[in-house]
Amino acid sequence: MADTLVERRSIDVVPDDERHGTAFSQFTLWLGANLQITAVVTGALAVVFGGDVVWSVIGLLLGNLLGGAVMALHSAQGPKLGLPQMIQSRAQFGVRGAVVPLLLVILMYVGFFASGSVLAGQATAQLTHTNDTTGIIVFAVITAVVAAIGYRVIHVLGRVASVICALAFIYLGIRLLDRVDLSALLGDAHFDLPMFLLAMSLSASWQLAFGPYVADYSRYLPRTTSGRATFWWTLSGSAIGSQWSMTFGVLVAASAGDAFLDNQVGYVVGLGGTGLIASFLYFVIALGKLTINVLNTYGGFMSMVTSISGFRGQKTLSPRGRTAYIALIMVAGTVVALLGKDSFLTSFKDFLLFLLTFFTPWSAINLVDYYLISKERYDIPALSDPHGRYGAWRWDALTVYGVGVLAQLPFLATHFYTGPLVEPLGGADISWIVGLVVPAVLYWLLARRDTSHIPAERGDSPTVTPASAA
């Protein structure tokens, strides 16, 4: 059964005899997932909203490294526990309390599915000689089919995309450098703190948004896989892929201006050429978006099952149930894509920064609990028992989470809301830094005083840590 193509597991523990692969698989998956058009647009936003080339690239790099390190720490949890990422949140928030951040995670997946479908739909429409609406729908259906097959095909897709998209980006980079006056762009450096912090926030939010599902794609690795290797391969794949795409976006936005803003996909393809080359580049854009949108669909399905199972006591899922959840994510994301396709750029920037408000406190609490409080030891069966060690609701963690969200609001700057402390800081958005530090410190102070939820050292109890206990 371990070799079947269609995945059988959902939120249940992956047993040792079904574990496979190496930590390097995380590099190819996350490289392929980040060499794509939405990452290009994210980098371009740093310039669109007022940044220069040099400091935008540096700000994006710092954000990718800092946010990527947090994201990769989540990835390292996968081989150790053999569990999906958000199931682990039950150890901090309670078996049912984990639904609070989960509802926001599901919203994130639908939003990213939609934003990806807008750009991929344009490429798909060109390939199929249809309109954008048809392209979005066709792309959404293909995404859902791949996500339904599951883990193995997702990693194969990542390996293929990492090679094809890397070659395409090398070619596009050469073409771009032939067109632009790079020395002029680099010579126009003028440091502006708010714009620099915006660039950092854009890339940090990009990376942190992977946190709620990154362990989903490392949980099949053998338990003996080095946590350090998993961390570094994940970080390097995600940071290199995203920085490569975002730097390309910065250069395109700085040199092309409105020509890029009016038609992101069309401009990038036109940069490469016409005829067969153009068709190939449309395919590459669709392939890159397929890789990340499959992750969003799969992650959304896992989060929905985790939310509902906390109340129903469900540990496994039938193939029919799996298909239904994935179809629901696909339909919701497609509807949002069709409704928002004409106001993509502004909506996407606000969406990224708004999401960051809710995911930084979750990441801070999860990582502090896993690495500093529980020290990588969880009672696996208790994660499904609302009457067990972790309880139904852990109000201390939920309170810290709420405080972490509220603490960011004075520092948050989006199109629809700007906090009162943004202007005194020159317009800089530092909410994500506050959202990491405040809940991390508060949770550490509270959780270390009550260690009743922490299992004994491995070997002292038959219910501790190993996934084989489930």
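A residue counts as exposed when its relative accessible area is over 50%, and as buried when that value is under 20%. The structure on display is a predicted model.

**First stop: the loop between H16 and H17**

Please select lysine 375, which is found in the loop between helix H16 (344–373) and helix H17 (395–408). Is lysine 375 buried or exposed? Its relative accessibility is 51%, and therefore lysine 375 counts as exposed.

The backbone here also deserves attention. Most residues other than glycine have a negative phi. Lysine 375, however, has a positive phi, near 55 degrees. Now select glutamate 376, which is placed in the loop between H16 and H17 as well. Glutamate 376 is not a glycine, yet its phi is positive, at about 70 degrees. With a relative accessible area of 29%, glutamate 376 is partly exposed.

**Second stop: glutamine 92**

Next, select glutamine 92 in helix H5 (residues 90–93). Its relative accessible area is 0%, so glutamine 92 is buried. Which residues is glutamine 92 in contact with, leaving aside its neighbours within four places in sequence? They are Ile365, Asn366, Asp369, Tyr378, Arg394, Ala397 and Tyr443. Displaying these side chains shows the surroundings of glutamine 92.

Colour helix H13 (residues 264–272) and helix H14 (residues 275–312) separately. Two packed helices are described by the angle between their axes and the distance between the axes. For H13 and H14 the angle is about 135 degrees, and the axes are 9 Å apart. The two helices are therefore oblique to each other, and H13 passes H14 in a right-handed crossing.

To see the contact itself, select Val265, Gly266, Val269 and Gly272 of H13, together with Ile277, Ala278, Leu281, Tyr282 and Ile285 of H14. By class, this contact has seven nonpolar, two polar and no charged residues.

How many of its nine residues are buried? Seven of them are, and H13 is thus mostly covered. The buried residues of H13 are Gln264, Val265, Tyr267, Val268, Val269, Leu271 and Gly272. H13 is followed by glycine 273, which has a positive phi, near 145 degrees.

The contact of H6 with H14 has 17 nonpolar, 13 polar and one charged residues.

Within H14, select glycine 299. This glycine has a relative accessible area of 0% and is therefore buried. Not counting residues up to four places away in sequence, glycine 299 touches Tyr109, Tyr213, Asp216 and Tyr217. Consider tyrosine 213 in particular: glycine 299 and tyrosine 213 are 86 residues apart along the chain, yet their C-alpha atoms are separated by 5.7 Å.

**Final stop: aromatic rings**

A pair of aromatic rings is described by the distance of the centres and the angle of the planes. A search of the whole structure finds 27 aromatic pairs. For one of them, select phenylalanine 112 and tryptophan 206. Their ring centres are 6.3 Å apart and their planes stand at 85 degrees, so this pair is edge-to-face. Phenylalanine 112 lies in H6 and tryptophan 206 in helix H10 (residues 193–208), so the pair ties together parts that are 94 residues apart in sequence. Both phenylalanine 112 and tryptophan 206 are buried.

Another pair to display is tyrosine 151 with tyrosine 220. Here the centres are 4.2 Å apart and the planes are at 40 degrees, so the pair is tilted. Tyrosine 151 is in helix H8 (residues 151–179), and tyrosine 220 is in the loop between H10 and helix H11 (227–256); the two are 69 residues apart. Tyrosine 151 and tyrosine 220 are both buried.

To conclude, select Trp30, Tyr109, Phe112, Trp206, Phe210, Tyr213, Tyr217, Tyr298 and Phe301, which ring pairs link into a cluster. Among its members are Tyr109, Tyr213 and Tyr217, which glycine 299 touches.

Methods
Residues are numbered from 1 along each chain as its sequence is written. This is a predicted model: local features need pLDDT of at least 70, side-chain atom pairs count only at pLDDT 80 or more; totals for chains, interfaces and linings use all residues. Side-chain values use heavy atoms; hydrogens and water are left out. Helices (H or I, at least four residues) and strands (E, at least two) are DSSP runs, numbered from the N terminus. Buried means under 20% relative accessible area, exposed over 50%, partly exposed in between (1.4 Å probe, protein chains only). Contact means heavy atoms within 4.5 Å. Ala, Val, Leu, Ile, Met, Phe, Trp, Tyr, Cys and Pro count as nonpolar, Asp, Glu, Lys and Arg as charged, and the others, Gly among them, as polar. Rings of Phe, Tyr and Trp (its six-membered ring) pair if their centres lie within 6.5 Å; planes under 30 degrees apart count as stacked, over 60 as edge-to-face and the rest as tilted. Axes are lines fitted to C-alpha atoms, for helices over the stretch in contact, and angles run from 0 to 180 degrees between N-to-C directions. Angles under 35 degrees count as roughly parallel, over 145 as roughly antiparallel, 65 to 115 as roughly perpendicular and the rest as oblique. A crossing is left-handed if the near helix is turned anticlockwise from the far one by less than a right angle, and right-handed if clockwise.
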